[in-house]
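Work through the exercises below with the model open. Try each task before reading its solution.

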Amino acid sequence: FKIEKNGVDLTDEFLGKEKLMMIVAYNLRNTETQGYKAIKLLTDNALESGYTVIGLTASGKDKQDELIEKFNLNFEFYQADETGLKAIVRANPGILVLNKGTITQKKHWNDAAEIELK
């Protein structure tokens, strides 16, 4: 499992954070776009609560930019292997909250309102 941007491995940097939210959308071509209204609300609140928020996908930059613009998302996407992302969470998009690399919450986008921000 690697988190990359422009060929740079950022895995350790992100997994060392105490308040990290990952939005996992392993394939943006078939992501459930109806979920991004809830994702937008959740990630806005997470950022206000001091979380680092990132997206993870195997899709290319064009699809990332298109989704960010369409839903006015407030986070960047980083690259990861599609198979690895599916192993982490099957939802597309799914939500993970981590504390220093340990998953503390994992939800389908339908359950975004159940994520507890600390």
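**Exercise 1. Helix α3**

Task: Find what covers the buried residues of α3, then decide which residues of the helix are buried and which are exposed.

Solution. This is a predicted model.

Step 1. Start with the cover. The elements over the buried residues of α3 include β1 (4-5), α2 (36-48), β4 (52-57) and β5 (76-79).

Step 2. List the buried positions. In α3, residues 61-71, they are Gln64, Leu67 and Phe71. They span an arc of only 70 degrees around the axis, so they sit on the same side of α3.

Step 3. Turn to the other side of α3. Lys61, Asp62, Glu69 and Lys70 are exposed there.

**Exercise 2. Strand β6 and its partners**

Task: Which strands pair with β6, and in what sense?

Solution. 

Step 1. Take β3, residues 20-24. It runs antiparallel to β6, and five bridges join the two.

Step 2. Take β7, residues 102-108. Its pairing with β6 is also antiparallel, over six bridges. Here Asn99 stands opposite Thr102 of β7.

Step 3. Look at the connection. β6 and β7 make a hairpin, with two residues between them.

Step 4. Apply the burial cut-off of under 20% relative accessible area. Five of the six residues of β6 (94-99) are buried, so the strand is largely enclosed by the rest of the structure.

**Exercise 3. The nonpolar cores**

Task: Which members of the largest nonpolar core touch the most other members? Which element gives the most residues to it?

Solution. 

Step 1. The largest core has 20 residues, and Met21, Tyr36 and Ile95 touch the most other members.

Step 2. Assign the core to elements. β3, α2, α3 and β6 each supply at least two residues. α2 gives the most, with four residues.

Step 3. Another core, of 16 residues, lies apart from the largest one; among its members are Phe14, Val24, Leu56 and Leu98.

Step 4. Inspect Ile95 itself. Leaving out residues up to four places away in sequence, its contacts include Met21, Ile23, Ile39, Leu42, Trp109 and Ile115.

Step 5. In soluble globular proteins, nonpolar side chains tend to be buried together.

**Exercise 4. Backbone exceptions**

Task: Locate the residues Asn72 and Lys100, and say whether each is buried or exposed. Then find the loop that holds Pro93.

Solution. 

Step 1. Most residues other than glycine have a negative phi, and most peptide bonds are trans.

Step 2. Check Asn72. Its phi is positive, about 55 degrees, although the residue is not a glycine. Asn72 follows α3 and lies in the loop between α3 and β5. With a relative accessible area of 54%, Asn72 is exposed.

Step 3. Check Lys100. Its phi is also positive, near 50 degrees. Lys100 is in the loop between β6 and β7. At 51% relative accessibility, Lys100 counts as exposed; the cut-off is over 50%.

Step 4. Check the peptide bonds. The one from Asn92 to Pro93 is cis, with omega near 20 degrees. Pro93 lies in the loop between α4 (82-88) and β6.

**Exercise 5. A charge and a ring**

Task: Which residue lies over the face of Tyr78?

Solution. Lys5 does, at 4.9 Å from the ring centre.

Terms used. Residues numbered from 1 in each chain as written. Predicted model: local features only at pLDDT ≥ 70, side-chain atom pairs only at ≥ 80, totals over all residues. Heavy atoms only, no water. Buried < 20%, exposed > 50% of the residue type's maximum accessible area, 1.4 Å probe, protein only. Pairing = 2+ DSSP bridges. Lys NZ or Arg CZ within 6 Å of the ring centre and 35° of its normal. Arc of directions from axis to C-beta. Contact = heavy atoms within 4.5 Å. Core = buried A, V, L, I, M, F, W, Y, C linked by side-chain atoms within 4.5 Å.
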